[in-house]
Amino acid sequence: MTKDDCYQLGHITKTHGVSGELVLFLDVDNAAEYADLESVLLEVKGDLIPYFIESIAIVKGSRAIVAFEDVNTIEQAERLINCGAFLPLDELEPITDETRFYFHEIVGYQVVDAESGELGTVRGVYAMNAQDLIAMDYLGKEVLIPINSDIVRTVDRASQKLNVVLPDGLLEIYMEDDSKTDENAEVNGDADNTDED
């Protein structure tokens, strides 16, 4: 199984105690849904390796204390710090609500603005602490679109389109760099011509 067949559930952040337990950060909307996990795939040196769970306890919202089979010492546990935790895509519950989506499912979707029409393609999604962002390929540039219900309105799975209402000036911010570069080139070009005279 490869990462293309999986979604990232979270990652191991640190050890817990001295008997091999670990803290698993769950990058999900509702961590409680994963309280009965039996196994996960951990990315160890680029490979996904199955780890069976002896016990898991959800604590502090998005963190879980996990004990894996055959990880019984702090030394064994330390080797797993910063490893990504994955689950197969086919374990995901399908979303039918058109206002909600999994981040991985919209990659490749066409972004359609209510005013400007089709803009570009979703290249990926950045899960950030402050604000999750959609990375869209627009006229050869990466444009970041904040994910919130005022901007990202609906997802049309049948036609693979993401319907948005972009804030005024968002696209222009990403296009300004080119125009400033062109203006600077013209100014510098004029200055060079003046020096030669």
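Trainee: Why is Ile145 called buried?

Mentor: Ile145 has a relative accessibility of 0%. Buried means under 20% relative accessible area, exposed over 50%, and partly exposed in between, with a 1.4 Å probe and protein chains only. Because 0% is under 20%, Ile145 counts as buried. This is a predicted model, where local features need pLDDT of at least 70, side-chain atom pairs count only at pLDDT 80 or more, and totals for chains, interfaces and linings use all residues. Residues are numbered from 1 along each chain as its sequence is written, and side-chain values use heavy atoms, leaving out hydrogens and water.

Trainee: Where does Ile145 lie?

Mentor: Ile145 is in strand β10, residues 141–146. Strands (E, at least two residues) and helices (H or I, at least four) are DSSP runs, numbered from the N terminus. The protein chain has two helices and twelve strands.

Trainee: What does Ile145 touch, not counting residues up to four places away in sequence?

Mentor: Its contacts include Val111, Asp132, Leu133, Ile151 and Leu170. Contact means heavy atoms within 4.5 Å. Ile145 and Leu170 are 25 residues apart in sequence, with their C-alpha atoms 8.3 Å apart.

Trainee: Why is Asp132 called partly exposed?

Mentor: Asp132 has a relative accessible area of 25%. Asp132 lies in the loop between β8 (117–126) and β9 (133–138). Among the residues that Asp132 touches are Phe103, Tyr126 and Ile145.

Trainee: Why is Asp5 called partly exposed?

Mentor: The relative accessible area of Asp5 is 38%. This too lies in between, so Asp5 is partly exposed. Asp5 is found in the segment before β1 (6–16).

Trainee: What makes the patch with Asp4, Asp5, Asp90 and Glu91 negative?

Mentor: Asp4, Asp5, Asp90 and Glu91 form a negative surface patch. Asp and Glu count as negative, Lys and Arg as positive, and His and the chain ends are not counted. Like charges are joined within 9 Å, and nonpolar side chains (Val, Leu, Ile, Met, Phe, Trp, Tyr) within 5 Å.

Trainee: How many residues does the protein chain have, and what share is buried?

Mentor: Of the 197 residues in the protein chain, 33% are buried.

Technical notes
Patch = residues over 30% accessible without salt bridge, like charges linked within 9 Å, V, L, I, M, F, W, Y side chains within 5 Å. Areas by Shrake-Rupley, 256 points an atom, 1.4 Å probe, with all protein chains shown as cover. Salt bridge = Lys/Arg side-chain N within 4 Å of Asp/Glu carboxyl O. Charge placed at Lys NZ, Arg CZ, Asp CG, Glu CD.
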